Amino acid sequence: MRVGLISAIAVPRRGRRGTPVDEDGELVARLQAGDEQAFVQLVSRHHAAMLRLANSYTSSPAVAEEVVQDTWLGVLRGIHGFAGRSSFRTWLFTILVNRARSTGVRERRSVAVGDAGPVVDRARFDASGAWMSPPQHWIEDSDERMQAQALAGHIQKTLGELPARQREVVVLRDVDGLSSHEVCQVLAISDANQRVLLHRGRSHLRQALEAEMDRA
Amino acid sequence: MTLFTRNNDLVCQEVVELITDYLEGALSRSQRRRLEAHLAGCEHCSEYLEQMQATIRITGRLQAEDLTPEMREEFTAIYRRWRAQDD
């Protein structure tokens with residue numbers, strides 16, 4: 001399983017909330033005026049996040065690259081009609097999702113079946129619903145290990161194993177830093193649906209972290 | 001999943017299912033009050049909440065690699081081809 005070109009970076013926060021929309025605005029205006037460098041800068045800014053998303057539709061890196069390239073061609077064709085009603089990023093990701101879906105690269109989506117139970121094993125609660133096997137304290141340790149990049153591979157692997165819909169939402173929200181509103185627009189899902197997918201995805205990741213920290 | 005409760009209090013097993021709605025600000029005011037009342041008296045669920053927040057933080061540290069020089073060239077070429085067709 002792979003999740004695109006994700007690599008861990010030890011320094012927290014640097015740019016992790018994604019790119020401010022207004023910076024795109026300037027580049028978009030320059031691109032509309034025919035500035036080649038503006039295009040390359042926009043690609044540079046968004047390419048990796050797009051690849052991550054494209055990879056959640058296909059197990060083939062080549063197909064994912066193709067979907068992303070195709071999306072940028074769509075951007076070039078449509079840029080003069082882009083009026084900025086949504087952010088450029090939302091528009092871009094919406095094109096990508098439509099391309100990915102229409103290309104029919106959806107084999108990974110079938111994984112979602114059977115993921116409907118409680119997010120924490122029932123056996124960890126007593127009959128009254130209170131913790132019997134409560135969560136242990138490992139937060140500081142996990143932060144330290146993430147700083148040292150020791151957990152990145154594990155998180156990537158778990159992301160790769162999530163059902164595709166959950167992975168889309170978690171990657172867009174928590175890795176790429178889109179707002180819930182943007183994610184709903186990009187994936188054409190309701191707010192409630194977005195929250196359910198986010199909840200399940202994040203809960204899986206927490207569980208994987210817990211297992212890893214317990215093992216250590 | 002509805003668990004038997006004698007009163008209006010949430011139990012731990014319900015709390016873990018509401019954590020994301022709580023963090024997303026999607027709970028009603030009364031649900032939010034009930035959840036916070038539970039958290040105030042339950043160290044395990046407070047720990048669970050902190051773990052979910054840590055998970056979000058840690059996932060957010062994954063970053064993408066920058067565009068390589070080769071990819072820059074590739075996309076410059078894509079732009080030029082498109083311009084040539086478009087003109």
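## A tour of chains A and B

Start with chain A, where the domain assignment gives domain 1 (21–109) and domain 2 (129–215). Keep in mind that this is a predicted model. Colour the two domains of chain A separately. Their centres, taken over C-alpha atoms, are separated by 24 Å.

**Stop 1: where the domains meet.** Select the residues of domain 1 of chain A that touch domain 2 of chain A. Here 14 residues of domain 1 are in contact with twelve residues of domain 2. On the domain 1 side, the elements that give two or more residues are α2 and α4 of chain A. The largest share of that side comes from α4(A), with five residues. Now colour the domain 1 side by class. It divides into five nonpolar, five polar and four charged residues.

**Stop 2: helix α4 of chain A.** Select residues 88–102 of chain A. This is helix α4, with 15 residues. From its first C-alpha to its last, α4(A) reaches 21 Å, close to the 21 Å expected at 1.5 Å a residue. Next, show the side chains. Which residues in α4(A) are buried? They are Phe88(A), Arg89(A), Trp91(A), Leu92(A), Phe93(A), Ile95(A), Leu96(A), Val97(A), Arg99(A) and Ala100(A). Two arginines, Arg89(A) and Arg99(A), are in that buried list.

**Stop 3: the largest nonpolar core.** The largest nonpolar core has 49 residues, and Leu53(A), Ala54(A), Val68(A) and Leu96(A) touch the most other members. Select residues 36–55 of chain A to see helix α2, which gives the most to this core, with ten residues. Why does the core lie between domain 1 and domain 2 of chain A? Because domain 1 (21–109) and domain 2 (129–215) both give residues to the core.

Now centre on Leu53(A). Hide its neighbours within four places in sequence. Leu53(A) is then in contact with Phe93(A), Leu96(A), Glu168(A), Val171(A) and Leu172(A).

**Stop 4: a loop in chain A.** Select Ala188(A). Find this residue in the loop between α8 (180–187) and α9 (191–215) of chain A. Ala188(A) has a positive phi of about 55° although it is not a glycine. Most residues other than glycine have a negative phi. Is Ala188(A) buried or exposed? Ala188(A) is exposed, with 11 other C-beta atoms within 10 Å. The cut-off for an exposed residue is 12 or fewer.

**Stop 5: chain B.** From the N terminus on, the elements run α-α-α-β-α. Chain B has 87 residues, and buried residues make up 24% of them. Look at its contacts too. Among those in chain B with a separation of 6 or more, 47% come from residues 24 or more positions apart.

**Stop 6: where chain B touches chain A.** Bring chain A back. Here 36 residues of chain B are in contact with 51 residues of chain A. On the chain B side, select α1 (12–23), α3 (43–59), β1 (62–64) and α4 (69–86), the elements that give two or more residues. Which element gives the most to this side? That is α3(B), with eleven residues. Finish by colouring the chain B side by class: 18 residues are nonpolar, nine are polar and nine are charged.

Notes. Residues are numbered from 1 along each chain as its sequence is written. Chains are lettered from A and ligands numbered from 1 in the order in which they are written. This is a predicted model: local features need pLDDT of at least 70, side-chain atom pairs count only at pLDDT 80 or more; totals for chains, interfaces and linings use all residues. Two residues are in contact if their C-beta atoms, placed from the backbone, lie within 7 Å. Helices (H or I, at least four residues) and strands (E, at least two) are DSSP runs, numbered from the N terminus. Ala, Val, Leu, Ile, Met, Phe, Trp, Tyr, Cys and Pro count as nonpolar, Asp, Glu, Lys and Arg as charged, and the others, Gly among them, as polar. A nonpolar core is a set of buried Ala, Val, Leu, Ile, Met, Phe, Trp, Tyr and Cys residues joined through C-beta atoms within 7 Å. A residue is buried if 20 or more other C-beta atoms lie within 10 Å of its own, exposed if 12 or fewer, and partly exposed in between; C-beta atoms are placed from the backbone. Domain bounds come from an automatic or database domain assignment. The expected span of a helix is 1.5 Å times one less than its number of residues.
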